[in-house]
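Trainee: I am new to this structure. Please show me how to read it, one feature at a time.

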Amino acid sequence: MTVLVLAADVDPTVDAVVEVLTRRRVPVFRCDTSWFPSRLSLDAEMTEAGWRGVLRTERRTVALAGLRSVWYRNPTTFAVSDGMSPAERWHATHEAKFGLGGVLWSLPVRWVNHPGRQADMYKPTQLAVAQRCGISVPATLVTNQADAVRCFADHHPGGIVMKPLGFGSILEGGCRKALNTYLLSRADLADMRGVETTAHQFQPFIGKACEVRLTVVGERMFAAAITAHSRKARIDFRADYDALTYQIVDVPGRVADGVRAFMSHFGIVFGAFDFVVDPNGKWWMLECNPAGQYGWIEGATGLPIASALADLL
């Protein structure tokens with residue numbers, strides 16, 4: 001039985017898990033959705049036993065009935081022919097998604113995680129579910145109104161931050177640029193032009209004893225405290241990785257119970273949770289990335305996350 005890995009061509013995190021599976025002599029079929037239809041083909045027929053057929057590349061073929069699990073690890077979008085008109089490209093791209101995606105999404109195997117479940121995990125939805133599961137979440141404002149932001153800031157004199165609701169980076173001028181958490185200044189609050197153009201997320205700036213990246217793999221939890229030693233890193237640790245130190249920590253029972261309920265609600269088996277731990281030791285959940293990075297945490301702490309993922313798959 002084969003593990004299907006749907007991932008970008010270059011992904012060191014995937015490489016590490018594939019290496020573990022290979023050492024265990026577990027067959028792996030790795031491809032990217034962008035390979036379809038030029039480098040990846042599908043031949044699937046609906047039978048009384050469900051979908052039967054194959055995925056095929058130039059070098060390998062795997063039977064759909066021979067899959068044991070699927071790791072949906074941030075694959076890239078379908079890449080159809082450049083020779084098509086814009087209307088044809090739009091149609092072909094969506095047909096690829098509904099065809100290949102529709103067949104694969106229906107397979108009754110273990111998914112890490114199923115894309116349909118991940119698609120439900122908008123950040124405002126996460127916060128509402130986390131709160132219902134007994135997890136503490138920060139006060140949060142989602143708005144495109146400047147006056148609402150100023151009123152929110154008045155209620156949080158320790159300062160407020162703005163953070164993206166979706167992707168943590170954008171592609172601009174051919175370069176990938178991070179969208180880090182931003183601490184608003186008085187000048188920012190005085191000039192809120194642009195807020196009206198789309199939805200924005202604002203939260204109070206919580207004083208931090210540390211942050212915790214909690215990686216959940218099935219029933220196993222791997223928690224690492226991240227302590228920042230620069231101003232930039234204290235606002236967003238991704239802004240200054242050189243100023244961070246790490247320590248393995250235990251997860252409080254109430255937080256662990258809430259996280260399990262949260263994952264059960266969304267139907268996921270892998271999640272990379274970000275928490276802030278305030279000076280009083282209270283854990284505040286910021287978000288869960290259902291396909292989040294963990295390689296640097298594993299490298300810094302020795303937590304066996306890749307091996308746990310291989311176990312799950």
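Mentor: Start with the terms. Helices (H or I, at least four residues) and strands (E, at least two) are DSSP runs, numbered from the N terminus. This is a predicted model, where local features need pLDDT of at least 70 and side-chain atom pairs count only at pLDDT 80 or more, while totals for chains, interfaces and linings use all residues. Residues are numbered from 1 along each chain as its sequence is written, and side-chain values use heavy atoms, leaving out hydrogens and water.

Trainee: How many helices and strands does the protein have?

Mentor: The protein has 10 helices and 18 strands. Along its principal axes, the C-alpha trace spans about 60 × 50 × 35 Å.

Trainee: What share of the residues is buried?

Mentor: Buried means under 20% relative accessible area, exposed over 50%, and partly exposed in between (1.4 Å probe, protein chains only). Buried residues make up 44% of the 313 residues.

Trainee: Which residues touch the most other members of the largest nonpolar core?

Mentor: First the general idea. In soluble globular proteins, nonpolar side chains tend to be buried together. A nonpolar core is a set of buried Ala, Val, Leu, Ile, Met, Phe, Trp, Tyr and Cys residues joined through side-chain atoms within 4.5 Å. The largest one here has 31 residues, and Val17, Leu21, Trp71, Val217, Tyr294 and Leu309 touch the most other members. Strand S1 (2-7), helix H1 (12-23), strand S15 (220-228) and helix H10 (305-312) each supply at least two of its residues. The largest share, 6 residues, comes from H10. Apart from this core lies another, of 24 residues, among them Ala130, Ala223, Ile268 and Val277.

Trainee: Is H10 largely enclosed or open, and why?

Mentor: H10 is largely enclosed by the rest of the structure, because 6 of its 8 residues are buried. They are Ile305, Ala306, Ala308, Leu309, Ala310 and Leu312.

Trainee: What does Val17 touch?

Mentor: Contact means heavy atoms within 4.5 Å. Not counting residues up to four places away in sequence, Val17 touches Trp71, Tyr294, Ala306, Leu309, Ala310 and Leu313. For the whole protein, take contacts between residues at least 6 apart in sequence: 65% join residues at least 24 apart.

Trainee: Now a single residue. Where is Tyr182?

Mentor: Tyr182 sits in strand S12 (residues 182-183). Its relative accessible area is 39%, so Tyr182 is partly exposed. Tyr182 touches Ile160, Val161, Met162 and Asp188, again leaving out residues up to four places away in sequence.

Trainee: Next, the backbone. Which peptide bond has omega near 5°?

Mentor: That is the bond from Phe36 to Pro37, and it is cis. Pro37 lies in the loop between strand S2 (28-31) and strand S3 (41-47). Another cis bond joins Val112 and Asn113, with omega about -15°. Asn113 is in the loop between strand S7 (110-112) and helix H3 (115-118).

Trainee: What is phi of Arg25?

Mentor: Phi of Arg25 is near 65°, a positive value in a residue other than glycine. Arg25 lies in the loop between H1 and S2. With a relative accessible area of 78%, Arg25 is exposed.
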